[in-house]
Amino acid sequence: MSLGPAGASLDPDQAENFEDMEKQFAVKAVQHMTTYWAILEKMKGSQLRLTKMDDEILEHFQKAFPEFDPAETIDEDKMKSKEGKERWREFMMAYEKKIDDYNFGTMLRANPKFEYGEKETIFAMRMQFYAIEIARNRQGLNDWIYEQAHT
(Lines give C-alpha, C1' and ligand atoms only; values in the text may rest on other atoms or scores of the structure.)
Protein backbone atom coordinates (compact mmCIF):
# COMPACT_ATOMS: atom_id res chain seq x y z
CA MET A 1 0.00 0.00 0.00
CA SER A 2 1.38 3.37 -0.93
CA LEU A 3 1.21 5.98 1.77
CA GLY A 4 2.39 8.80 -0.44
CA PRO A 5 5.42 9.76 -2.48
CA ALA A 6 8.58 7.77 -1.85
CA GLY A 7 10.46 9.19 1.09
CA ALA A 8 7.47 11.16 2.35
CA SER A 9 6.86 10.96 6.06
CA LEU A 10 3.48 10.01 7.39
CA ASP A 11 1.89 12.51 9.74
CA PRO A 12 -0.18 10.42 12.16
CA ASP A 13 -2.51 13.34 12.79
CA GLN A 14 -3.28 13.58 9.07
CA ALA A 15 -3.41 9.86 8.34
CA GLU A 16 -6.60 7.90 8.00
CA ASN A 17 -7.24 5.25 10.60
CA PHE A 18 -5.25 2.37 9.09
CA GLU A 19 -6.66 -0.12 11.58
CA ASP A 20 -10.16 0.63 10.28
CA MET A 21 -8.90 0.34 6.70
CA GLU A 22 -7.42 -3.07 7.48
CA LYS A 23 -10.70 -4.20 9.01
CA GLN A 24 -12.65 -2.99 5.97
CA PHE A 25 -10.21 -4.79 3.68
CA ALA A 26 -10.54 -8.00 5.71
CA VAL A 27 -14.34 -7.79 5.57
CA LYS A 28 -14.28 -7.33 1.78
CA ALA A 29 -11.82 -10.21 1.31
CA VAL A 30 -13.94 -12.54 3.46
CA GLN A 31 -17.12 -11.48 1.61
CA HIS A 32 -15.44 -12.30 -1.72
CA MET A 33 -14.28 -15.66 -0.38
CA THR A 34 -17.69 -16.67 1.00
CA THR A 35 -19.52 -15.45 -2.12
CA TYR A 36 -17.26 -17.49 -4.38
CA TRP A 37 -17.72 -20.59 -2.22
CA ALA A 38 -21.51 -20.14 -2.25
CA ILE A 39 -21.44 -19.89 -6.06
CA LEU A 40 -19.38 -23.09 -6.30
CA GLU A 41 -21.97 -24.84 -4.12
CA LYS A 42 -24.75 -23.78 -6.51
CA MET A 43 -22.96 -24.32 -9.83
CA LYS A 44 -20.20 -26.64 -10.99
CA GLY A 45 -16.98 -24.69 -11.36
CA SER A 46 -16.50 -26.26 -14.80
CA GLN A 47 -19.64 -24.40 -15.94
CA LEU A 48 -18.75 -21.09 -14.29
CA ARG A 49 -17.34 -17.95 -15.88
CA LEU A 50 -15.64 -15.59 -13.45
CA THR A 51 -15.13 -12.72 -15.90
CA LYS A 52 -16.01 -11.78 -19.47
CA MET A 53 -12.34 -12.45 -20.27
CA ASP A 54 -11.91 -15.97 -18.87
CA ASP A 55 -10.60 -17.42 -22.14
CA GLU A 56 -8.05 -14.65 -22.63
CA ILE A 57 -6.95 -14.80 -18.98
CA LEU A 58 -6.51 -18.58 -19.11
CA GLU A 59 -4.53 -18.48 -22.36
CA HIS A 60 -2.28 -15.71 -21.02
CA PHE A 61 -1.84 -17.53 -17.69
CA GLN A 62 -0.84 -20.77 -19.41
CA LYS A 63 1.73 -18.92 -21.55
CA ALA A 64 3.11 -16.89 -18.63
CA PHE A 65 3.18 -19.84 -16.19
CA PRO A 66 3.47 -23.02 -18.29
CA GLU A 67 4.79 -24.94 -15.28
CA PHE A 68 1.72 -24.20 -13.13
CA ASP A 69 -0.41 -27.25 -12.31
CA PRO A 70 -3.85 -26.16 -11.06
CA ALA A 71 -4.35 -29.50 -9.30
CA GLU A 72 -1.27 -29.10 -7.11
CA THR A 73 -0.73 -27.10 -3.93
CA ILE A 74 0.54 -23.59 -4.65
CA ASP A 75 4.08 -22.96 -3.45
CA GLU A 76 3.41 -19.67 -1.69
CA ASP A 77 7.11 -19.02 -1.08
CA LYS A 78 7.84 -19.38 -4.80
CA MET A 79 4.82 -17.26 -5.72
CA LYS A 80 5.89 -14.49 -3.34
CA SER A 81 9.63 -14.68 -4.03
CA LYS A 82 11.32 -11.76 -5.81
CA GLU A 83 11.16 -13.62 -9.14
CA GLY A 84 7.59 -14.78 -8.50
CA LYS A 85 6.41 -11.28 -7.66
CA GLU A 86 8.03 -9.92 -10.84
CA ARG A 87 6.38 -12.58 -13.01
CA TRP A 88 2.99 -12.02 -11.41
CA ARG A 89 3.31 -8.23 -11.61
CA GLU A 90 4.01 -8.46 -15.34
CA PHE A 91 1.03 -10.80 -15.79
CA MET A 92 -1.33 -8.64 -13.74
CA MET A 93 -0.42 -5.33 -15.36
CA ALA A 94 -1.94 -6.55 -18.63
CA TYR A 95 -5.32 -6.27 -16.88
CA GLU A 96 -4.87 -2.88 -15.23
CA LYS A 97 -7.41 -1.19 -17.51
CA LYS A 98 -9.45 -4.32 -18.30
CA ILE A 99 -10.44 -5.87 -14.95
CA ASP A 100 -11.89 -3.89 -12.05
CA ASP A 101 -9.96 -4.34 -8.82
CA TYR A 102 -7.36 -6.44 -10.69
CA ASN A 103 -4.85 -5.80 -7.89
CA PHE A 104 -7.21 -5.94 -4.93
CA GLY A 105 -6.24 -8.45 -2.28
CA THR A 106 -8.32 -11.57 -1.84
CA MET A 107 -8.15 -15.05 -0.39
CA LEU A 108 -7.11 -18.05 -2.47
CA ARG A 109 -7.14 -21.74 -1.57
CA ALA A 110 -3.64 -23.14 -1.79
CA ASN A 111 -5.02 -26.44 -3.09
CA PRO A 112 -8.30 -27.07 -4.93
CA LYS A 113 -8.91 -30.27 -2.93
CA PHE A 114 -9.62 -28.38 0.31
CA GLU A 115 -12.08 -25.86 1.63
CA TYR A 116 -10.95 -22.44 2.76
CA GLY A 117 -9.23 -22.75 6.13
CA GLU A 118 -6.49 -21.08 8.14
CA LYS A 119 -3.75 -23.41 6.80
CA GLU A 120 -5.28 -23.86 3.34
CA THR A 121 -5.75 -20.21 2.40
CA ILE A 122 -3.24 -17.69 1.13
CA PHE A 123 -3.46 -13.98 0.45
CA ALA A 124 -3.35 -13.18 -3.27
CA MET A 125 -4.18 -10.43 -5.72
CA ARG A 126 -7.49 -10.57 -7.59
CA MET A 127 -5.81 -11.42 -10.92
CA GLN A 128 -3.92 -14.28 -9.30
CA PHE A 129 -7.24 -15.55 -7.96
CA TYR A 130 -8.91 -15.25 -11.36
CA ALA A 131 -6.08 -16.92 -13.27
CA ILE A 132 -5.73 -19.84 -10.86
CA GLU A 133 -9.45 -20.40 -10.26
CA ILE A 134 -10.28 -20.18 -13.97
CA ALA A 135 -7.62 -22.85 -14.61
CA ARG A 136 -8.99 -25.00 -11.79
CA ASN A 137 -12.57 -24.60 -12.97
CA ARG A 138 -11.73 -25.49 -16.58
CA GLN A 139 -10.18 -28.74 -15.34
CA GLY A 140 -13.23 -29.51 -13.18
CA LEU A 141 -11.13 -29.33 -10.00
CA ASN A 142 -13.80 -27.39 -8.10
CA ASP A 143 -16.78 -29.52 -9.16
CA TRP A 144 -16.49 -31.56 -5.96
CA ILE A 145 -17.79 -28.54 -4.03
CA TYR A 146 -21.09 -28.62 -5.95
CA GLU A 147 -21.27 -32.41 -5.63
CA GLN A 148 -20.67 -32.23 -1.87
CA ALA A 149 -23.36 -29.58 -1.44
CA HIS A 150 -25.91 -31.72 -3.32
CA THR A 151 -25.42 -35.11 -1.68
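This tour walks through a predicted model, from the whole chain to one helix pair and a loop residue.

**Ground rules.** Residue numbers start from 1 along each chain as its sequence is written, and side-chain values use heavy atoms, with hydrogens and water left out. Because the model is predicted, local features need pLDDT of at least 70 and side-chain atom pairs count only at pLDDT 80 or more, while totals for chains, interfaces and linings use all residues.

**Whole chain.** Color by secondary structure. The protein has six helices and two strands (DSSP runs numbered from the N terminus: helices are H or I, at least four residues; strands are E, at least two). From the N terminus, the order is α-α-α-α-β-β-α-α. Of the 151 residues, 34% are buried (under 20% relative accessible area; exposed is over 50%, partly exposed in between; 1.4 Å probe, protein chains only). Take contacts (heavy atoms within 4.5 Å) with a separation of 6 or more: 68% of them join residues 24 or more positions apart.

**The core.** Select I57, F61, W88, F91, Y95, I99 and M127. Of the 31 residues in the largest nonpolar core, these touch the most other members. Such a core is a set of buried Ala, Val, Leu, Ile, Met, Phe, Trp, Tyr and Cys residues joined through side-chain atoms within 4.5 Å. At least two residues each come from α1 (18-42), α2 (54-64), α4 (82-93), β2 (121-125) and α5 (126-138). The top contributor is α5, with seven residues.

**F61.** Center on F61. Leaving out residues up to four places away in sequence, F61 touches F68, W88, F91, A131, I132 and A135.

**α2, buried side.** Show D54, I57, L58 and F61, which are buried in α2. They lie on the same side of α2, because their arc around the axis is only 95 degrees (taken from the directions from the helix axis to the C-beta atoms). The buried residues of α2 pack against α4 and α5.

**α2 against α5.** Now show both helices. Their axes come within 9 Å and cross at roughly 95 degrees (lines fitted to C-alpha atoms over the stretch in contact; angles run from 0 to 180 degrees between N-to-C directions). So α2 is roughly perpendicular to α5 (65 to 115 degrees). From α2, select D54, D55, I57, L58 and F61; from α5, select M127, A131, I132, I134, A135 and R138. These make the contact.

**Last stop: D101.** Move to the loop between α4 and β1 (105-109), where D101 is found. Its phi is near 55 degrees, a positive value in a residue other than glycine. D101 counts as partly exposed, at 39% relative accessibility.

Key. Parallel < 35°, antiparallel > 145°, perpendicular 65-115°, else oblique.
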